[in-house]
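Please look over the sequence and the model before reading on.

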Amino acid sequence: MAKSTIMVIAALCLMSVVGSAYGYDKFFVEGKVYCDTCRIQFLTSVSEFLPGATVRLECKVAANETITYVKDVTTDAAGKYSIEVEGDHEEELCEVFLIDSPRQDCNEIKSEVANLETASRVSLTHKNGIVSAVREANPLGFLKAVPLAECPQIFKELGLNANGTASDS
Ligand SMILES: *[C@@H]1O[C@H](CO)[C@@H](O)[C@H](O)[C@H]1NC(C)=O
Ligand SMILES: *[C@@H]1O[C@H](CO)[C@@H](O)[C@H](O)[C@H]1NC(C)=O
């Protein structure tokens, strides 16, 4: 009796050790949402972080587009979000994208630059060697309908043309 009890306890201990190391995965996808006040699709000194914006994390099987995971969250007062994700999603393509803006004047979701995407890809697996459970997503911006008056000056300071295109010189 005593012997079998010890064996059961030993087995439970072993299971919990193995379970925490390999059997259970949890990730936190973190990122920020901003109002892209210059419609340039990256953060500038005049970008405004957006509280109350909704983003969606979606994972899908790349080969057949089957959606395996969907979760919507809303940004906090600083425009930040954290999405808790269960399980390893090594075989899937996981992306965060914009869903809804709280601001009427800043709710456009569009890529004005051909090679820029409006979604941020995250890798949700420990099998790629990343030990941390936190995965940073690139900041995502809703475009402001009317850019701010100071944008051309900001572009110049960044070494761009006044219209935000890359300068040749
Ligand atoms: C898509 O691919 C996954 C992984 O290979 C498979 O499990 C799933 O059944 C497939 N779904 C469809 C609709 O083909
Ligand atoms: C942006 O400005 C540059 C320099 O003034 C000009 O050469 C270019 O054609 C402009 N591009 C667009 C899309 O307006």
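What share of the contacts in the chain with a separation of 6 or more is accounted for by residues 24 or more positions apart? Such residues account for 67% of these contacts. The model discussed here is predicted.

## Overall architecture

The chain contains 2 helices and 9 strands. Along the sequence these elements follow the pattern α-β-β-β-β-β-β-β-β-β-α.

Of the 169 residues in the chain, 31% count as buried. The accessible surface amounts to about 10200 Å², and carbon and sulfur atoms contribute 58% of that surface.

Valine 122 belongs to strand 7, which spans residues 119-122. Is this residue buried or exposed? Valine 122 counts as buried because its relative accessible area is 7%, under the 20% limit for that class.

Leaving aside neighbours within four places in sequence, valine 122 is in contact with Val29, Leu57, Cys94, Glu136 and Ala137. Valine 96 stands 26 residues away from valine 122 along the chain, yet the C-alpha atoms of the two are separated by 7.6 Å.

## The site of ligand 1

Which residues surround ligand 1? They are Val61, Asn64 and Thr66. A polar side-chain atom of asparagine 64 lies 2.4 Å from an oxygen atom of the ligand. For threonine 66, a polar side-chain atom is 3.3 Å from a nitrogen atom of ligand 1.

On its own, ligand 1 has 360 Å² of accessible area, and the protein covers 27% of it.

How values were computed: Residues are numbered from 1 along each chain as its sequence is written. Chains are lettered from A and ligands numbered from 1 in the order in which they are written. This is a predicted model: local features need pLDDT of at least 70, side-chain atom pairs count only at pLDDT 80 or more; totals for chains, interfaces and linings use all residues. Side-chain values use heavy atoms; hydrogens and water are left out. Helices (H or I, at least four residues) and strands (E, at least two) are DSSP runs, numbered from the N terminus. Buried means under 20% relative accessible area, exposed over 50%, partly exposed in between (1.4 Å probe, protein chains only). Contact means heavy atoms within 4.5 Å. Accessible areas come from the Shrake-Rupley method with a 1.4 Å probe; for residues, only the protein chains shown count as cover. A residue is near a molecule or strand if one of its heavy atoms lies within 4 Å of it. A polar contact is a pair of N or O atoms within 3.5 Å; within protein, one must be able to donate a hydrogen and the other to accept it, and residues adjacent in sequence count only if both atoms are side-chain atoms.
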